[in-house]
Structures are given as structure tokens and as C-alpha cells.
Amino acid sequence: MVGAVNDARLLARALADPGSVVGLDAAGWTALLAMARAEQLIGTLALRVDGLPMPDAAKAILADARAAAEHGRRAALWEAEMARRALAAIGCQPVLLKGTAFVAAGLSAGQGRSIGDLDILVPRAAIDAVEAALLAAGWEWVKPDPYDDAYYRRWMHELPPLIHRERDRMIDVHHTILPLTTRVTPDAGALIDDSVALESGLRTLSPNGMLVHAAAHLFADGDLAGGLRNLWDIRCLIDEFGTDGLDAEAQRHGLSREMTRSLRLVDTLFGDRKASGTDRLYIRRITARDGWGRPIRPVTRLAFYVRSHWLRMPPAMLARHLWTKWRKS
Amino acid sequence: MPEPIFRAAPDGSLLIAPLDAFTAAYHRASGITHLLAEPAPQILAVLGEGASSLDALLARLGRDYDLDDGTREALAARLDELVDAGLVERA
Amino acid sequence: MKHAFSVRIGPVGFRIGSDWRAPIAALETLYRDYPQPHDGIPDFTVRLFARRPWRRFIRPSVEIGGDYMLPEAAPLPLRQGLLAAEMAMNLQMALGARRYLLLHASAVERDGRALLMTGISGAGKSTLATLLAAKGWRFMGDEFALLDPATGLIHAFPRLISLKNDAIAAAEAAWPDARMGPLLPATPKGDIRHMVPDARAIALMDMPATPALLLFPRYGFEAETRPVPPAEAFVRMTQASTNYVALGEAGFRALTGLIADVPSVAVDYPDGASAIDQVEALWSAL
């Protein structure tokens with residue numbers, strides 16, 4: 001059975017059932033490691049299969065991945081701490097989102113996870129003060145382009161990205177979890193009200209809030225790129241917190257369909273549920289990665305890309321946006 | 001307004017390697033390497049023993065070093081730099 | 001992928017896949033005496049591919065991909081496919097290496113002790129390494145020296161030597177019997193020709209060496225040597241390492257250890273012959 005899979009289901013199985021890597025041959029390991037790097041899951045994989053028998057070369061590569069993830073965790077927590085210090089001056093406690101939240105709260109979803117930018121959620125009313133406080137503490141705008149800037153401010157769910165001039169790290173300041181252009185409008189105020197304080201003076205969403213955000217992020221805020229990592233986050237959160245009250249929370253934010261689909265996809269990818277209907281298309285997209293780490297299934301990918309833009313912006317606005325982008329490039 | 005208190009990361013959070021007039025310092029919490037010139041290493045060493053106000057820090061440093069006029073302003077400026085670098089927190 | 005090749009250079013295993021045969025054929029010829037990756041599992045994957053299927057044939061243009069990528073890496077024409085492969089392998093090292101502190105330096109060895117030469121491109125570190133190797137030093141690498149944080153030892157990374165412009169003739173004169181790749185005229189970096197390191201460099205590539213001297217050479221000046229203050233050497237080496245930050249505490253310990261243990265010397269030199277004399281004088285004074 002091992003080696004028969006030629007897409008990222010190989011990786012999904014290794015994460016869900018680490019014992020499945022025992023007995024992989026050199027080609028199998030090579031493919032698994034390339035996929036895991038491409039899906040930014042190699043640190044997660046490294047922790048999942050730690051201690052199992054494997055070739056020394058694979059062990060060494062995974063030890064490097066663990067060290068890299070640990071370094072990434074440190075850097076992410078430091079960025080969060082710097083944001084906390086900068087915003088303490090205006091009495092704002094930022095709510096950490098995604099990877100930084102998982103590692104700050106010590107959740108299993110954070111183990112080995114690669115973390116990019118710092119994402120924080122703040123009350124919409126505080127956004128101007130937050131912007132000023134961050135600029136005063138050494139963050140600067142990334143894009144000087146006035147069109148992009150106006151676009152972000154008007155339609156996106158975040159400030160234009162800021163980068164710290166010394167540390168060279170980006171921060172995304174959100175005031176809700178989906179763009180204002182999508183038809184679904186989560187209740188950002190409720191998410192902040194229900195957020196949980198950590199000892200460090202930082203906050204995270206409630207467990208169900210994290211789950212709903214992960215589902216929203218997967219379906220409405222992206223083209224399913226990084227989908228495998230996102231679904232792994234969801235699986236870890238469910239393992240850790242269960243699903244009590246999750247239906248009601250998803251309903252409150254208008255994300256019931258996305259949440260239930262996420263749970264079905266998790267059961268399919270990491271369990272033995274059989275996909276049916278459009279779930280099959282989602283699985284095809286999410287596992288579209290070969291043993292060279294290459295993206296495959298271009299038609300399926302394009303379908304999700306167009307869909308992603310469609311969801312974020314009404315069509316006339318989409319046309320205007322793409323036109324502006326084309327004219328400039 | 002009360003005097004601000006300055007706090008450094010606790011002992012062991014900095015790895016120190018004296019080079020020459022400069023000292024390399026690896027800050028474990030951030031993974032950032034700093035190159036420090038005097039009196040930054042001395043300030044960090046004193047604050048590492050406990051949080052302190054500017055005046056208390058000045059008095060403490062004065063016990064070990066010859067300090068002259070204008071030192072208070074200079075010390076405040078060095079502290080600001082260490083706060084910006086994240087090595088010292090103003091509480 | 002359609003065509004594939006694997007190789008190990010020093011401790012690092014690579015797998016290179018390509019939409020075309022030609023770059024793979026060149027790698028097979030030039031790396032024919034090199035071993036395979038440990039356990040058959042490469043550390044890094046490199047992909048040379050056509051952005052659109054028809055670009056395999058019409059004005060074929062090689063896109064560079066792999067485990068680690070830079071969005072701005074521009075494609076190269078197919079006749080420079082070997083250069084594309086080498087650049088992509090370097091990129092994996094620069095962005096992905098975690099086991100060793102990567103020093104952007106050439107290295108040669110004598111009596112188990114390593115001489116490191118670092119500096120900006122054009123400083124002559126690559127040429128000096130080939131000239132010293134022709135005088136009996138063991139060649140360890142012309143681009144990256146790998147410092148092991150666990151042992152403080154330097155590991156060899158003797159990839160193909162990438163000779164540019166005037167350095168091509170100089171190396172051919174020093175190594176008349178060396179095996180050479182095709183001359184690649186008018187690449188983004190000028191004329192380039194790859195030279196296979198000598199048999200001894202390949203045979204001994206798994207043997208690490210204790211670092212003994214760190215040089216900062218500068219070509220085109222009156223002969224002069226002067227010590228480099230430790231803080232300056234430290235800062236210059238952090239800038240000459242692509243993974244210093246990524247290694248965190250291990251990188252800090254490795255690099256401060258190197259700077260403390262090994263003298264750092266700036267060497268200005270007018271030509272290769274003087275440089276060799278200057279280096280030998282510094283070495284015998286250790």
C-alpha cells in the first residue's frame with residue numbers, strides 16, 4: 001500500500017498515522033519530504049514521526065526541520081511580545097491569530113508549525129490608534145502604492161501590511177476575519193469579547209473561535225493554497241478541544257457551511273471517511289502536489305483561484321481590481 | 001507621573017561574547033544578535049539583577065565606574081536605545 | 001520529472017529534475033566521480049522546468065525551482081542550463097541549510113587545518129583557492145565552507161568551480177589537465193566555465209578540517225596584510241553567512257567560537273603569485 005499514492009495524500013497519511021512512514025523506501029521518503037516542504041508542513045511532520053525507525057538521512061533532515069520550527073516559534077513569539085509592548089501604551093491587548101496564537105497558547109496545532117507574518121485582531125474602533133502606535137514603535141508601510149493602499153483600507157479586513165524596519169518582520173492588523181466585500185460577515189466584536197487571556201498579557205480567540213476562523217480562512221479568504229496545513233490545524237484543535245458549541249459558534253458568524261465542510265474534509269484526509277459530491281473536488285485541489293514538490297492539477301487550481309477572487313469581491317469590483325493590476329504590470 | 005522603571009530580561013537570557021571594544025550578545029527570547037558598546041553591557045548586567053529607576057541605576061553604576069557630568073542624559077539615551085532593541089522594557 | 005540526476009557534494013545530497021535532457025547530461029558528465037546522497041535520500045530537490053509546455057521547445061527558457069525558491073529568480077536560456085542547475089543548488093544551500101553554519105568563503109586544507117578566504121564577489125577567493133590547490137593544498141570548496149556548530153570543524157563542499165571571465169584562463173593555466181564544462185558566454189555574470197575539482201578534493205571530501213586562519217582577500221592593491229579586529233571580523237562573517245540568523249544560538253556559538261579561536265587577517269594583493277607568497281608567510285607564522 002505504501003508508495004502507491006502519488007499526491008499529497010501520502011503526506012496527509014503520514015501526519016494522521018505516523019507509523020505509516022515505517023517501511024517507506026528511499027523514493028518514498030524523498031517524495032514525502034519534498035511534499036512536506038512544499039506544503040510548509042515539514043516541521044509538523046518532523047515532530048509527528050520523531051522517534052520512529054527511519055533512515056539516518058531522513059532523520060537528519062527532520063532534525064533540521066525541528067530546529068528550524070523551534071527558531072520560527074521563538075521569532076514569532078518575540079514579534080507578538082513586541083506588538084504587545086507597542087500596544088500596551090494605548091491600552092490595547094491584541095488577539096493573536098493563526099500560528100502565533102497556537103504556539104503562544106502551547107497548542108498541539110502549533111507543534112512544528114511554520115509561522116509567517118504576525119496576525120493580530122483588534123477592535124475596529126481602535127484601528128487608527130493601533131496604526132499610530134505601531135508606526136511609533138518602528139513599523140513601516142510595505143507598499144507605497146496608493147491604489148493598493150486605498151483598496152486595503154476600503155475593502156480588506158486588515159490594514160495594509162506593515163514591516164518592522166529593524167527586525168524585517170511583517171504584521172497584519174485585522175479588525176475582522178474576512179474582507180468586508182464577502183457576503184459572509186462574521187461578528188468580530190463577539191470574537192474579541194470571547195477571546196482568552198494568556199499569562200503573557202496577550203490574547204487568543206476562544207477554541208471555537210479559532211476553529212471558525214480556520215474554516216473561514218480556508219474557504220473564503222484564499223484559493224485553498226495551504227489547505228492541507230489549514231485542515232491539519234483544524235484537526236489538532238478538534239483533538240484538543242472537541243466540538244462542543246461549535247455549531248452555534250459557526251452559525252453566529254454565518255460560517256456553518258464552511259465549518260461542516262471543514263470537518264468532513266478533515267475526516268476524509270486524516271480519517272477514513274469517503275468523500276462525496278463537491279468534497280471530492282476540494283480533496284483533489286488540496287492534495288494537488290507531486291513527489292517533486294510540484295503543484296499539479298492546474299485546471300482544478302485555477303477553478304479555485306477564480307472562485308477565491310469571486311468570493312472576496314463582487315464581480316464589477318473584481319473586474320476593476322484586475323484591470324488596475326494588469327495595467328500596472 | 002511616576003518615575004518609569006526599567007527592566008531587563010532575567011539572567012541567562014543573554015549569551016555574551018566579548019570581542020574587543022564591542023561585545024556580541026545573543027538574545028535568546030528573540031533570536032537576535034546585538035553588538036553592544038560600553039556601557040550597554042554594564043547596564044544590562046545591573047538591570048539583570050533587578051528592575052530599577054533611572055536614578056537608582058545611575059547610583060548603582062556610579063559605585064563601579066567613574067561617572068561625570070551629563071551622565072544622566074547620556075544614560076537615559078542609552079536606555080532608550082536598549083528599549084528600542086527590546087533588551088530593556090519600560091514598565 | 002522527465003530527466004533526473006542525484007549527487008552528493010560533501011555532506012549534502014541533491015536531486016535535480018529537469019524538463020530537458022541537456023542540463024542533466026552535463027551534470028552527469030561533470031559529477032561522474034561524485035557519490036550518491038546518503039541512504040539515497042537527498043537533502044534538497046531542484047527543479048528546472050518550462051513555465052509553459054511549449055516553452056520546452058520554442059525559445060526554451062529554464063525556470064529555477066526547488067524546495068526553496070526566490071520569486072525574483074529570472075529564467076535562463078536552455079544553453080545555460082548547467083548554470084541554472086548550479087545556481088539552483090546554491091540557492092537550496094543558501095536558503096535551506098540548517099545543519100552547518102554556511103560561510104560564504106572558499107576553503108583549502110593542509111595538515112588537517114583549514115584556511116578560509118571570504119570576501120565580496122571579485123575579491124578573488126575562488127581564484128586563490130584554485131591556485132593554492134595547484135600548489136599542493138587540498139581544495140575544499142570555492143563558494144561555501146560549512147562550519148559544524150557541534151564540533152567547530154569545517155566540512156568541504158567541493159562543488160564544480162564556477163570560473164568567471166579572466167579567472168577562466170588563470171585556472172586553465174594552473175590546472176592544464178582539469179576537466180572543464182562548456183564555455184557559457186554572455187551569462188548574467190559574464191563568461192562562465194565550470195571546472196571539476198581535482199581527484200584528491202573529491203576523494204577526501206568527507207574529511208573535515210580544523211579552521212586555522214580566516215582571510216579577507218582584496219585583489220588589485222599593493223601587497224599588504226593587517227589584522228582584522230574581532231568585532232569587525234564577526235560582523236563581516238554574519239553578513240557573509242546566509243543562515244547565521246536561521247541557526248539561532250548554535251550559529252552565535254559557532255561564529256563567536258571561530259572568531260575567538262582563529263586569527264582574522266586582511267590581505268591586499270596585486271596578483272596571484274604575490275597572494276600565494278603572502279598566504280604561505282601568514283600560514284608559517286601561525
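The model is predicted, so local features need pLDDT of at least 70 and side-chain atom pairs count only at pLDDT 80 or more, while totals for chains, interfaces and linings use all residues. Residues are numbered from 1 along each chain as its sequence is written, chains are lettered from A in the order in which they are written, and side-chain values use heavy atoms, with hydrogens and water left out.

## Salt bridges

Let us begin with charged pairs. A salt bridge here is a side-chain nitrogen of Lys or Arg within 4 Å of a carboxyl oxygen of Asp or Glu. Over all chains, the structure holds 41 of them.

| Pair | N to O distance |
|---|---|
| R85(A) and E89(B) | 3.9 Å |
| E81(B) and R78(B) | 3.0 Å |
| R51(C) and E63(C) | 3.1 Å |
| D64(A) and R99(C) | 2.9 Å |

Helices (H or I, at least four residues) and strands (E, at least two) are DSSP runs, numbered from the N terminus. R85(A) and E89(B) also belong to a network of salt bridges that links them with E81(A) and R84(A).

R85(A) is partly exposed at 23%, whereas E89(B) is buried at 19%.

The pair E81(B) and R78(B) sits within one element: both residues lie in helix α3 (residues 71-84) of chain B, three residues apart, about one turn of the helix. E81(B) is partly exposed at 45%, and R78(B) is partly exposed at 29%.

In chain C, R51(C) forms a salt bridge with E63(C). R51(C) is in the loop between β3 (44-49) and β4 (61-66) and E63(C) is in strand β4, so the pair ties together parts that are 12 residues apart in sequence. E63(C) is buried, with a relative accessible area of 10%.

The size of an interface is often given as the accessible area lost when the parts come together. For chain A and chain C, the buried area (accessible area lost with a 1.4 Å probe, summed over both parts) is about 1,700 Å², and carbon and sulfur atoms give 57% of this. Contact means heavy atoms within 4.5 Å, and 19 residues from chain A and 22 residues from chain C take part. Two salt bridges are counted between these chains.

## Two single residues

H253(A) has its place in the loop between α11 (246-252) and α12 (256-270) of chain A. Is H253(A) buried or exposed? H253(A) is buried, with a relative accessible area of 1%. Beyond its neighbours within four places in sequence, H253(A) is in contact with several residues, including V184(A), P186(A) and V212(A).

A273(C), in contrast, is exposed, with a relative accessible area of 54%. A273(C) lies in helix α9 (residues 272-284) of chain C.

Terms used:
Buried means under 20% relative accessible area, exposed over 50%, partly exposed in between (1.4 Å probe, protein chains only). Buried area is the accessible area (1.4 Å probe) that two parts lose on being put together, summed over both.
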